[in-house]
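This report walks through one structure part by part. Keep the sequence and the 3D view open while reading.

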Amino acid sequence: MAERAPAVELKGITKTFPGVVANDDINLAVQPGEIHAVVGENGAGKSTLMKILYGMLRPDSGTILMDGSGVHFRSPKDAIAAGIGMVHQHFMLATNFTVLENVVLGSEPAHAGALDFGAARARIRELSESHGVPLDPDRLTEDLAVGERQRVEIVKVLYRGARILILDEPTAVLVPQEVVELFGQLRELRAQGVTIIFISHKLDEVLEIADSITVIRDGHTVRTVKPEEVTARQLAELMVGSELPTPETRESTVTEEVLLSVQGLGVRVGARWALEDATFDIHHGEIVGIAGVEGNGQRELVEALIGLRKPDTGSVILAGTDITQWPTRQRRENGLGYIPEDRQGRGLLLPSPLWENTMLGHQTLYPFARGPWINKKGARAQTEHLISEYGVMTPGPDTSALALSGGNQQKLIVGREMTAAPKVLIAAQPTRGIDVGAQAAVWELIREARALGLALLLTSADLEELIGLSDTLYVILRGRLVARLDPATVTPEELGSYMTGAKQAGVA
Amino acid sequence: MRKRWQIRLLWLLVPISAIVLAIVVSSLVLLSIDASPVDAFRSMYEYGTQGNSLASTVNRAVPLFIAGLAVAIGFKMNLFNIGVEGQYRIATLMAAAAGAAVTLPAPFHIAFIMLVGMVTGAAWASIAAVLKVKRGVHEVVSTIMLNSIATGLGAYLLSNYLRKPAVGSELLIATPQIPHSGQLGPLTTIGGEDVRSFVLIAILLGVFVYVLIWRTRFGYDLRASGINPDAARVSGVDPNKMIMRTMLLSGAIAGLIGMSDLFGFFHAYTLDLPTGIGFDGIAVALVGLNHPIGIAIAALVFGWVDRAAQILDLEGIPKEVIIITKGVIIFSVVIAYEIVRRVVLSQEVKTAAEETRKLEQAEEETVAA
């Protein structure tokens, strides 16, 4: 008996972009009704591949087959029509809509020109029951937890008749407990005959849920394996091609001297306290990590520290000086460095040359300024120094920031903050979305900064990174610092429990 | 490097395509009204290259150039000062009235009039700036409304307070004449037409704007705010202060738009002073790509087209055809610029990526060795 044709088959997919790793002769066959994981480091080309499959990008060469016959997708519309659905890592939901409204958004059921919600509601109920994805169609989306919002995305895709589901890093925003729930739902979906493509770089999860695993590295397909054939270690080696770096810091450098002291800091957004009564110290040579599910107040904390937000209560004291009322520029001039979480959105002037980007944030200081004038010569020299010192791969200081890969952009940002010799450095998500080499380099720079005696505040979604780098770890939940933990003893699972509020402890 | 040179050459496509398109479209329009494009362009060329036309071109270009600078400063940080029109009209009125009311030694008198114009322009612009900073009113909305208010307020002030007392049955509505010390003689005369001296001040102003935007910290903050307002804020730029400063600066420059005509020809605020220059300045800034040199070229082109078109009426062709020509120039420059910019950018990125790859390979080889 001939085997059934794969539900989706990608043959020789190649896509080139300037400056980033893309796809180079990717081959992938997904059998109908299986959970097929695609794993690879950040920047290996997973997202590009999925965008091609979903019609958002067109490959330079190669073919896509569905059930054995070739298809061409000009846009996601074509892919949806062919039965492919995608759940993005960042949810695309209107929070002021109900679940029902969000699900039908874009394919509204009309009856004689009027919206027909009744039929849609019944359909959603049926889908969520038959596929084991519990969901109340009439709840307001903003009241839902992250895991529930993800279910809305899944049902939305099923509602459009998807037989093949692409999940892009679905666990990145979930805490361990929610991951368990998600996996239960995925198994149920598989039982219903839905084919699932699961993109991840978390190996334990992949080994647990997938029927087959395809490893991508540097834009190539390395191998497709069965989970029972490999260990996490072997998979990691396939992914990286060598030994994995770890974010461990060495011996403690923490001293008694407090460089940054935060006292009862509170930030109100509308009527809600986005940050409430945050109190902690960061010492000379100490890394303080802030763990929390996205949207629990980390952003407000960081913005209040850097001066982008006026706190409603409390004070910030930098090396003994109260800087609560200072504007951002004055804070920066006095030794507060900042690595923003959104590198391109907040850290760079993309179309501008690198030397103008090196100045950014320090444009009032030596060697970038002389009185009211810009010192182009000084800025270029400093940029050249930074390029060689921090291993930024680029032809020179006149290249535009746009032409750099994500990792090199991040090295430039970290380098420019470090060379300004700050007292306190705030690093928000410093390794998000960069390749493994650059990640290791950034970790190394953070360690160096600590050894130089800086006080660092680190926020991250990567729990291993937080545990590995921090000297002290706080958990933030609904705007409050709910636990102070010792990174030497805490496990990611424990941390996850605190992050969801399943486990509670006092701040020591 | 040959490749870079080729890329640079691409930029020439922008003005060339604009001019070619403008000629083609204008010809089609002329043909559609049964006029001969060849005759029309020939007579425009012949008339436009006469000495007095060249002098007039410069005189027409000066206010356009200054208006372009005023608009461009805002554009550089994505601030759309559509109110240059109202700012310069109210500023010219106040400057003319103040200039006629005092007598000072010549250089001081000129400086005083300019100062009054700049302060008035900045003050009028500050209303929109304050509304934006304090109340979040978009500057396009507020400046457009302020233009209407400026027209009404100007007419009211002129006819009720600032008007020169009528002599006999004279009907002219104007401010009193500015004394000689507040006038500027011609720089030179070509073909019987004066070239007004204010062109020199305009050139200085262009240099000032260039230096300010590309050489100073303020200019860096301004450009950074335009390219990426979030990143600028994170870097320590206070967006509200930046909006205030830029708007005031733009308004102050706008306050100088009417000075060339005031110092060199009218010597009083009259209803004959050219209007609409503030709006033309938006087009000039767009076509000039917000760069003083580009703005100067655009202002000269627009000034020349305006002057040369005067002959068309004598040929029996409505000179309003030229408005279409200008429109086509604006569109094609903006579109061609965007296309070329994208091509150049992707070329640059590609080149940089190749060079980076070479660097990485070289590094790997040294590590291996």
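## Where the two chains meet

The contact between the chains is made by 27 residues of chain B and 32 residues of chain A. On chain B, helix 9 (217-227), helix 10 (229-234) and helix 15 (321-368) each contribute at least two residues to the side that touches chain A. Helix 15 of chain B gives the most, with eleven residues. Sorted by class, this side of chain B has eleven nonpolar, six polar and ten charged residues. The model is predicted.

## Chain B as a whole

Chain B contains 15 helices and two strands. Its C-alpha atoms fill a box of roughly 100 × 55 × 35 Å along the principal axes. Of the 369 residues in chain B, 44% are buried. Among the contacts in chain B between residues at least 6 apart in sequence, 77% join residues at least 24 apart.

## One sheet of chain A

In chain A, six strands form an open sheet in the order 6-9-10-3-11-12, and the pairing is mixed. Strand 6 (84-87) and strand 12 (220-225) of chain A each have a single partner strand, so they stand at the edges, and one side of each is left without a neighbour in the sheet. On average, neighbouring strands of this sheet are turned by 20° against each other, direction ignored.

Strand 11 (residues 212-217) and strand 12 of chain A are paired in the antiparallel sense over five bridges. Within this pair, Ile216(A) stands opposite Thr221(A), a residue of strand 12 of chain A. Two helices are described here as packing on the sheet. Helix 5 of chain A touches strand 6 and strand 9 of chain A, and its direction makes about 165° with that of strand 6 of chain A. Helix 6 of chain A touches strand 3, strand 9 and strand 10 of chain A, and its direction makes about 150° with that of strand 10 of chain A.

## Helix 6 of chain A

Helix 6 of chain A covers residues 176-191, which is 16 residues. From its first C-alpha to its last it reaches 23 Å, close to the 22 Å expected at 1.5 Å a residue. Which residues of this helix are buried? They are Glu178(A), Leu182(A), Leu186(A) and Leu189(A). Seen down the axis of helix 6 of chain A, the buried residues fall within an arc of 80°, so they line one face of the helix. An α-helix has 3.6 residues a turn, so residues three or four places apart point the same way.

Val180(A) and Ala191(A), on the other side of helix 6 of chain A, are exposed. The cover over the buried residues of helix 6 of chain A includes strand 3 (35-39), helix 5 (146-159), strand 9 (164-168), strand 10 (195-200) and helix 7 (203-209) of chain A. After helix 6 of chain A comes Gly193(A), whose phi is positive, near 90°.

## A buried asparagine

Asn102(A) lies in helix 3 (residues 99-104) of chain A. Why does Asn102(A) count as buried? It has 24 C-beta neighbours inside 10 Å, and the cut-off for a buried residue is 20 or more.

Leaving out residues up to four places away in sequence, Asn102(A) touches Leu93(A), Ala94(A), Phe97(A), Thr141(A), Val152(A) and Lys156(A). Asn102(A) and Thr141(A) are 39 residues apart in sequence, and their C-alpha atoms are 8.1 Å apart in space.

## Another sheet of chain A

Six strands of chain A form an open sheet in the order 18-21-22-15-23-24, with mixed pairing. Strand 18 (336-339) and strand 24 (480-485) of chain A are at the edges; each has a single partner strand, so one side of each is left without a neighbour in the sheet. Neighbouring strands of this sheet are turned by 20° against each other on average, direction ignored.

Strand 18 and strand 21 (residues 424-428) of chain A run parallel and are joined by four bridges. One bridge partner pair is Gly337(A) and Leu425(A), the latter in strand 21 of chain A. Helix 14 (residues 406-419) of chain A lies across strand 18 and strand 21 of chain A, at about 175° to strand 18 of chain A. Helix 17 (residues 492-500) of chain A also packs on the sheet, where it touches strand 15 (287-291), strand 23 (472-477) and strand 24 of chain A. The direction of helix 17 of chain A makes about 35° with that of strand 23 of chain A.

Technical notes: Residues are numbered from 1 along each chain as its sequence is written. Chains are lettered from A and ligands numbered from 1 in the order in which they are written. This is a predicted model: local features need pLDDT of at least 70, side-chain atom pairs count only at pLDDT 80 or more; totals for chains, interfaces and linings use all residues. A residue is buried if 20 or more other C-beta atoms lie within 10 Å of its own, exposed if 12 or fewer, and partly exposed in between; C-beta atoms are placed from the backbone. Two residues are in contact if their C-beta atoms, placed from the backbone, lie within 7 Å. The expected span of a helix is 1.5 Å times one less than its number of residues. The arc is that of the directions from the helix axis to the C-beta atoms. Two strands pair if DSSP finds at least two bridges between them. Axes are lines fitted to C-alpha atoms, for helices over the stretch in contact, and angles run from 0 to 180 degrees between N-to-C directions. Ala, Val, Leu, Ile, Met, Phe, Trp, Tyr, Cys and Pro count as nonpolar, Asp, Glu, Lys and Arg as charged, and the others, Gly among them, as polar.
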